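Let's take a walk through this chain together. Have the sequence and the picture side by side as you read.

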Amino acid sequence: MDMSMDTGMDMSMGNMIMYLHFTPGDNLWFFGWAPRSAGAMVGTCIGLFLLAMAERWLAAMHGVMERHWHIRSQIVLANRLNASSEASSAEMCCESSPKPAQPGRAPLRLPASPFIVAHDVPRGLMKIAMAGINFLCMLAVMTFQLGFIFSIVVGFGAGEALFGRYSLQTGHMH
């Protein structure tokens, strides 16, 4: 058995070259997708470019929806706090003597945003889609095929240029 580090790792249906290269024929995600011709490589690179742009679009839509969901949850929270303060003020007006202050009681904290199914389920589904696309991009980069890597990097850059102003201003990409 040849233990030389100069050859690719033998797999059942191809070789995996363990260094950066432009050689076509790498398996992308499964054995049936191994672009071997120049046209197949171009098509695959265009697909990876669009996939990376789609991830940036999803991130931008996530930012837009997060701002919308935050405003809506603040409205729900304010309505709940107003309803509870109206109920407590109604109780106080009907009592003859005010209740003494409770010394062990913690000061009022702002509660977290409430769980709203119409907000939190789509948020989770969007995060699943974004994580899935990121894992697909990671697996494509792990082929060490420079055409794939450049397509993904340029796709992320083009997607950020087109959609970045709509995403959350967190300072990093997910």
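Of the 174 residues in this chain, 27% count as buried. Keep in mind that you're looking at a predicted model. The chain exposes about 12,000 Å², and carbon and sulfur atoms supply 69% of that area.

What is the chain built from? Three helices and two strands. If you read along the sequence, they follow the pattern β-β-α-α-α. Contacts tell you how the chain comes together: among those with a separation of 6 or more, 73% are between residues 24 or more positions apart.

Now for two residues in the loops. Trp-29 sits in the loop between β2 (14–16) and α1 (38–94).

| Residue | Phi | Relative accessible area |
|---|---|---|
| Trp-29 | near 75° | 31% |
| Phe-144 | near 65° | 29% |

Look at the phi column. Trp-29 has a positive phi although Trp-29 isn't a glycine, and Phe-144 also has a positive value in a residue other than glycine.

Are these two buried, exposed or in between? Buried means under 20% and exposed means over 50%. Trp-29 has 31%, so Trp-29 counts as partly exposed. Phe-144 has 29%, so Phe-144 is partly exposed too.

Methods. Residues are numbered from 1 along each chain as its sequence is written. This is a predicted model: local features need pLDDT of at least 70, side-chain atom pairs count only at pLDDT 80 or more; totals for chains, interfaces and linings use all residues. Side-chain values use heavy atoms; hydrogens and water are left out. Helices (H or I, at least four residues) and strands (E, at least two) are DSSP runs, numbered from the N terminus. Buried means under 20% relative accessible area, exposed over 50%, partly exposed in between (1.4 Å probe, protein chains only). Contact means heavy atoms within 4.5 Å. Accessible areas come from the Shrake-Rupley method with a 1.4 Å probe; for residues, only the protein chains shown count as cover.
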